[in-house]
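Please look at the chain shown here with its sequence alongside, and follow the text from one part to the next.

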Amino acid sequence: MPGMDGVEATRRIKAAHPEVKVIVLTSFVDQDHVLPAVRAGARGYLLKDIDPEELARAIRRVHQGQVELHPEAAGQLMNLVAADPPSGEGYSSPPGITTPLSGLTKREQEVLRLIASGKSNKEIGEALFITEKTVKTHVSHLLDKLGLADRTQAAIFAVKHGLGG
């Protein structure tokens with residue numbers, strides 16, 4: 001792209017229009033490209049050789065709030081997370097020690113765990129027997145409490161802090 005790369009374009013789009021869901025469509029799938037794109041706010045990271053019908057499905061899934069990652073991009077993110085585990089390696093804190101998850105309610109932690117597994121708001125609502133509007137409220141609260149910009153960052157945070165994926 002002339003003038004700026006996809007990461008900078010994503011960053012600017014998200015800064016100007018936080019509600020926009022960006023999917024990076026690229027031919028690069030290394031950690032020098034994947035992680036910066038996700039940190040910039042990309043909700044999807046796909047390779048240019050994707051089948052057109054699958055791309056259309058991916059766009060619809062991202063629009064519904066899901067995250068779409070090419071398997072190699074997901075592998076890169078998992079390798080990065082595994083290389084930088086939370087302090088203590090055990091993922092659970094001793095009594096009296098606070099962690100970023102300590103500030104979340106049990107329900108917010110459940111929602112975060114389901115975000116990490118790639119569930120949409122509708123699917124989270126069905127799994128927890130709550131309305132989609134309630135899910136959106138929980139997502140908004142947990143993003144605020146954790147200082148995160150979007151669901152992609154929340155999913156990475158969850159995996160990094162032992163909530164699985």
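How are H1 and H2 oriented to each other, roughly parallel or roughly antiparallel? In this predicted model, helix H1 (residues 6-16) packs with helix H2 (residues 31-40) at an angle of about 10°, and their axes lie 8 Å apart. Angles under 35 degrees count as roughly parallel, and H1 and H2 are therefore roughly parallel to each other. On the H1 side the residues that meet H2 are Val7, Thr10, Arg11 and Lys14, and their counterparts in H2 are His33, Pro36, Ala37 and Ala40. Sorted by class, this contact of H1 with H2 comprises 4 nonpolar, 2 polar and 2 charged residues.

The strands come next. Three of them form an open sheet in the order E1-E2-E3, with parallel pairing, and its edge strands, each pairing on one side only, are E1 (22-26) and E3 (68-69). Strand E2 (residues 42-47) runs parallel to E1 and is joined to E1 by 5 bridges; Leu25 stands opposite Leu46 in E2. Across E1, E2 and E3 lies helix H3 (residues 52-63), which runs at about 155° to E1.

After H5 comes Gly118, whose phi is positive, near 90°.

Notes: Residues are numbered from 1 along each chain as its sequence is written. This is a predicted model: local features need pLDDT of at least 70, side-chain atom pairs count only at pLDDT 80 or more; totals for chains, interfaces and linings use all residues. Side-chain values use heavy atoms; hydrogens and water are left out. Two strands pair if DSSP finds at least two bridges between them. Helices (H or I, at least four residues) and strands (E, at least two) are DSSP runs, numbered from the N terminus. Contact means heavy atoms within 4.5 Å. Axes are lines fitted to C-alpha atoms, for helices over the stretch in contact, and angles run from 0 to 180 degrees between N-to-C directions. Angles under 35 degrees count as roughly parallel, over 145 as roughly antiparallel, 65 to 115 as roughly perpendicular and the rest as oblique. Ala, Val, Leu, Ile, Met, Phe, Trp, Tyr, Cys and Pro count as nonpolar, Asp, Glu, Lys and Arg as charged, and the others, Gly among them, as polar.
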